[in-house]
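Please brief me on this chain. I want the main points in short sentences, grouped by topic.

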Amino acid sequence: MNSYAKQGVVKELNDSGEMNQAELAARIGIPKSTLSRTLQDLERRKLIIRYDNGPVRLPNQTSTVVTIHELGHNFDADHEDAGGYNQAYRWWRGYCHHTVMWSGYTVSGSEYEFSSDDYHGDSTHDDARRISETKGVVASYT
Ligand SMILES: [Zn+2]
């Protein structure tokens, strides 16, 4: 898949809100056939929302990531450079993904999950463990 086209789509939609496909192709400078394949791929991964012959836009996921991230801080989950075992994690699978406590947000890479030794993480990137350990303290807040 054309990475230049994908990044172009996400950047244009991020900068401009929604726009139709003809305008998107013109702004990025790619053929409509390339744009069509790119949009199919992004749509399959739920990174864009597309209407029939209408506008394309990004899903409203930014506020969801921020909400989960800030809730994580309440449970002492922390960023990638915190220094303890409660740190965010990143990995590559086609492109860079990172767990929700990563300090920087990206449209394509910010996942809703916390780092964990059991899946995306290791013994020094395990925000899930910290959340499990602090849940009793948080539950006692009144
Ligand atoms: Zn933070």
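N20 stands opposite P55, a residue of β3. β1 and β3 (residues 55-57) are antiparallel partners, joined over two bridges.

**The three-stranded sheet**
- β1, β3 and β2 form an open sheet of three strands, in the order β1-β3-β2.
- The pairing in this sheet is antiparallel.
- β1 (19-20) and β2 (49-50) stand at the edges, and each has a single partner strand, so one side of each has no neighbour in the sheet.
- In general, strands of a sheet pair through backbone hydrogen bonds, in either a parallel or an antiparallel way.

- β4 (90-93) and β5 (residues 95-98) run antiparallel and are joined by four bridges.
- R93 stands opposite Y95, which belongs to β5.
- One residue lies between the two strands of this hairpin.
- G94 has a positive phi here, near 80 degrees.

**Helix α4**
- How far apart are the end C-alpha atoms of helix α4? They are 19 Å apart.
- α4 covers residues 62-74, which makes 13 residues.
- At 1.5 Å a residue, α4 should span 18 Å, so the distance between its ends agrees with expectation.
- As a general rule, an α-helix has 3.6 residues a turn, so residues three or four places apart point the same way.

**T67, a residue of α4**
- T67 lies in helix α4.
- Is T67 buried or exposed? T67 counts as exposed, because it has 12 C-beta neighbours inside 10 Å, and a count of 12 or fewer is the cut-off for that class.
- T67 and V100 are 33 residues apart along the chain, and their C-alpha atoms are separated by 9.7 Å.

**D76, after the helix**
- D76 follows α4 and sits in the loop between α4 and β4.
- D76 is not a glycine, yet its phi is positive, at about 65 degrees.
- D76 has 16 other C-beta atoms within 10 Å, so it is partly exposed.

**The chain as a whole**
- How many helices and strands does the chain have? There are five helices and five strands.
- Read from the N terminus, the elements run α-β-α-α-β-β-α-β-β-α.
- The domain assignment gives domain 1 (3-57) and domain 2 (62-139).
- The centres of domain 1 and domain 2, taken over C-alpha atoms, are 29 Å apart.

**Form and packing**
- The radius of gyration of the chain is 18 Å, whereas a compact globule of 142 residues would have one near 14 Å.
- Along the principal axes, the C-alpha atoms fill a box of roughly 55 × 30 × 20 Å.
- Of the 142 residues, 25% count as buried.
- Among contacts with a separation of 6 or more, 50% are between residues 24 or more positions apart.

**Confidence in the prediction**
- The chain averages a pLDDT of 88, and 96% of the residues score at least 70.
- Where is confidence lowest, and where is it highest? Confidence is lowest in β2, at a mean of 81, and highest in helix α5 (residues 127-139), at 97.

Definitions and conventions. Residues numbered from 1 in each chain as written. Predicted model: local features only at pLDDT ≥ 70, side-chain atom pairs only at ≥ 80, totals over all residues. Expected span 1.5 Å × (residues − 1). Pairing = 2+ DSSP bridges. Domains from an automatic or database assignment. Buried ≥ 20, exposed ≤ 12 C-beta atoms within 10 Å, placed from the backbone. Rg over C-alpha atoms; globule rule 2.2 N^0.38 Å. Contact = placed C-beta atoms within 7 Å. pLDDT = per-residue confidence, 0-100.
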